[in-house]
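Good morning. I will take a few minutes to walk through one chain, going from the overall picture to individual side chains. Please have a look at it first.

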Amino acid sequence: MTATHPTHGTPRARHGTAAAGLMIFAAIMLMITGILAIMRGISAIAEDQVFVSTPNYVFSFDLTGWGWIHLALGVVAVLVSVGLFQASTWARVLGVGIAGLVLIANFLSLPSYPVWSVVMIALTGFIIWALCTAKKSDI
């Protein structure tokens, strides 16, 4: 007869713990992504010299306009991440949606800040994955 450790338990219990941990990690990453998007937005609105301009890019947008878009997406991402800490279903749905919009915004602003855009695309892709894999019954 083998005893089960309370924190390890059955395979289902271990999966539930992993899923809950994944949700917490996704919430933290969404909050960090939102804060970074806010900073990027403020920097673009102020027309900081950090950004480059690529004249012959298919998706050319005004830097100030992109700043406002990143700022708005960042604020919403931070607010949604607070709901994710409470394991709310609405926050998971909105989290996937806002992460998708952040991913698209970073793709479209690749010419302005290419390396950082690629990093943010990878982060938001992971956030979407983490929010979609955890089942509500496991949390």
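A residue is called buried here when its relative accessible area is under 20%, exposed when the value is over 50%, and partly exposed in between. On that basis, buried residues make up 37% of the 139 residues in the chain. Please keep in mind that this is a predicted model.

Now the layout. The chain has 4 helices and 0 strands, and the pattern along the sequence reads α-α-α-α. Of the contacts with a separation of 6 or more, 77% are between residues 24 or more positions apart.

Next, the inside. The largest nonpolar core has 21 residues. Which elements give two or more residues to this core? They are α1, α2 at 63-84, α3 at 89-108 and α4 at 114-133. Residues with the most contacts inside the core are Met23, Leu30, Leu73, Leu84, Ile98, Ile127 and Leu131. Take Ile98 from that list: leaving aside residues up to four places away in sequence, Ile98 touches Leu30, Leu73, Val76 and Ala77.

On to the aromatic side chains. There are 2 aromatic pairs. One of them joins Phe25 and Phe126 edge-to-face, with 5.5 Å from centre to centre and 70° between the planes. Phe25 sits in helix α1 and Phe126 in helix α4, 101 residues apart, and the pair thus links distant parts of the chain. Phe126 also pairs with Trp129; that pair is tilted, at 5.4 Å centre to centre and 35° between the planes. Why are Phe126 and Trp129 separated by about one helical turn? Because they are 3 residues apart in helix α4. Together, Phe25, Phe126 and Trp129 form one aromatic cluster.

Phe25 has 39% relative accessibility, so it counts as partly exposed. Phe126 is at 29% and therefore counts as partly exposed. Trp129, at 47%, counts as partly exposed too.

The accessible surface of the chain comes to about 7900 Å², and carbon and sulfur atoms hold 74% of that. Ile24, Ile28, Ile32 and Phe85 make a nonpolar surface patch of about 310 Å². Ile24, one of the patch residues, is found in helix α1, which covers residues 11-45. Its relative accessibility is 40%, so Ile24 counts as partly exposed.

That is where I will stop.

Notes: Residues are numbered from 1 along each chain as its sequence is written. This is a predicted model: local features need pLDDT of at least 70, side-chain atom pairs count only at pLDDT 80 or more; totals for chains, interfaces and linings use all residues. Side-chain values use heavy atoms; hydrogens and water are left out. Buried means under 20% relative accessible area, exposed over 50%, partly exposed in between (1.4 Å probe, protein chains only). Contact means heavy atoms within 4.5 Å. Accessible areas come from the Shrake-Rupley method with a 1.4 Å probe; for residues, only the protein chains shown count as cover. Patches are made of residues with over 30% relative accessible area and no salt bridge: like charges are joined within 9 Å, nonpolar side chains (Val, Leu, Ile, Met, Phe, Trp, Tyr) within 5 Å. A salt bridge is a side-chain nitrogen of Lys or Arg within 4 Å of a carboxyl oxygen of Asp or Glu. A nonpolar core is a set of buried Ala, Val, Leu, Ile, Met, Phe, Trp, Tyr and Cys residues joined through side-chain atoms within 4.5 Å. Rings of Phe, Tyr and Trp (its six-membered ring) pair if their centres lie within 6.5 Å; planes under 30 degrees apart count as stacked, over 60 as edge-to-face and the rest as tilted.
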